[in-house]
Amino acid sequence: MNKQIAILVTAILFISLLFTACDKDDNNDNKPQTDLSQTVSGSYKGSITFSDDPGSTQDAVMEVSAASENTVEMNLMSDMLDTTFMMNLYGNGDSVMVCFTGERFNQEYDHHLDEDHHMMGNHGHMDWDHHMDEQHEPGDEHYGGFDMNHHSLNYRIIPDGPTDIYYQFEGDIE
């Protein structure tokens, strides 16, 4: 009976050690922090569509550049629209989601962004799920982000005024 207990205890310890060893590879505590603004920076070439004329598209370029850690400046250039705006970046699996900064956040969601709240994810960057839980109400809308698998950007630009009018940009990094 003691031999069976010893074998059982050894098996349990071996399995525990195996899971701990496998889990260590997934532990990101020792990996350097990733600044998402550096990850998505670049020139995205694509097209823009206006909601009032969805059949008509025009060539467009979105220049994305790091403004600060996990914040980018996005500059859309086309014959239809030329605009620049700032966005915060949040890791979300194989995507990088964007959300407004500062006063634009306040205007869109009718409350202030908690700038002092740390929203670090397991990769050392701001985490989308945490951002949604801590900073948003159910139904708050977001307008796009970066697909890291396809090196692309999809973003809806809502100008001041009626919410049913927008510009849709879709592009791939050059």
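Biologist: What share of the 174 residues in the chain is buried?
Modeller: Buried residues account for 35% of them. Keep in mind that this is a predicted model.

Biologist: And the surface, how much of that belongs to carbon and sulfur atoms?
Modeller: Carbon and sulfur atoms hold 49% of the accessible surface, which totals about 10800 Å² for the chain.

Biologist: How many helices and strands does the chain have?
Modeller: There are four helices and eight strands.

Biologist: In what order do the elements run from the N terminus?
Modeller: The order is α-α-β-β-β-β-β-α-α-β-β-β.

Biologist: What do the eight strands form?
Modeller: They make a closed barrel in the order 1-2-3-4-5-6-7-8, and the pairing is antiparallel. From one strand to the next, the twist averages 30°.

Biologist: Which strands does helix 4 touch?
Modeller: Helix 4, residues 128–135, packs on the sheet and touches strand 4 (82–92) and strand 5 (95–100). The direction of helix 4 makes about 105° with that of strand 4.

Biologist: Let's look at one residue there. Where does H130 lie?
Modeller: H130 is in helix 4.

Biologist: Why does H130 count as partly exposed?
Modeller: Because its relative accessibility is 26%, and partly exposed covers the range between under 20% for buried and over 50% for exposed.

Biologist: How far apart are H130 and G91 in space?
Modeller: They are 10.0 Å apart, C-alpha to C-alpha, with a separation of 39 residues in sequence.

Biologist: Which residue in strand 8 is the bridge partner of Y155?
Modeller: That is F169.

Biologist: New topic, N75. Which strand is N75 in?
Modeller: N75 belongs to strand 3, which covers residues 71–78.

Biologist: What does the side chain of N75 make a polar contact with?
Modeller: The side chain of T84, at 3.1 Å.

Biologist: Which residues does N75 touch, leaving out those up to four places away in sequence?
Modeller: On that basis, N75 touches V61, M62, E63, D82, T83 and T84.

Biologist: Last one, for the chain as a whole. Of the contacts between residues at least 6 apart in sequence, what share joins residues at least 24 apart?
Modeller: The share is 48%.

Terms used:
Residues numbered from 1 in each chain as written. Predicted model: local features only at pLDDT ≥ 70, side-chain atom pairs only at ≥ 80, totals over all residues. Heavy atoms only, no water. Pairing = 2+ DSSP bridges. Helix = DSSP H or I, 4+ residues; strand = E, 2+ residues; numbered from the N terminus. Axes fitted to C-alpha atoms, helices over the stretch in contact; angles between N-to-C directions. Contact = heavy atoms within 4.5 Å. Buried < 20%, exposed > 50% of the residue type's maximum accessible area, 1.4 Å probe, protein only. Areas by Shrake-Rupley, 256 points an atom, 1.4 Å probe, with all protein chains shown as cover. Polar contact = N/O pair within 3.5 Å; in protein donor to acceptor, adjacent residues only side chain to side chain.
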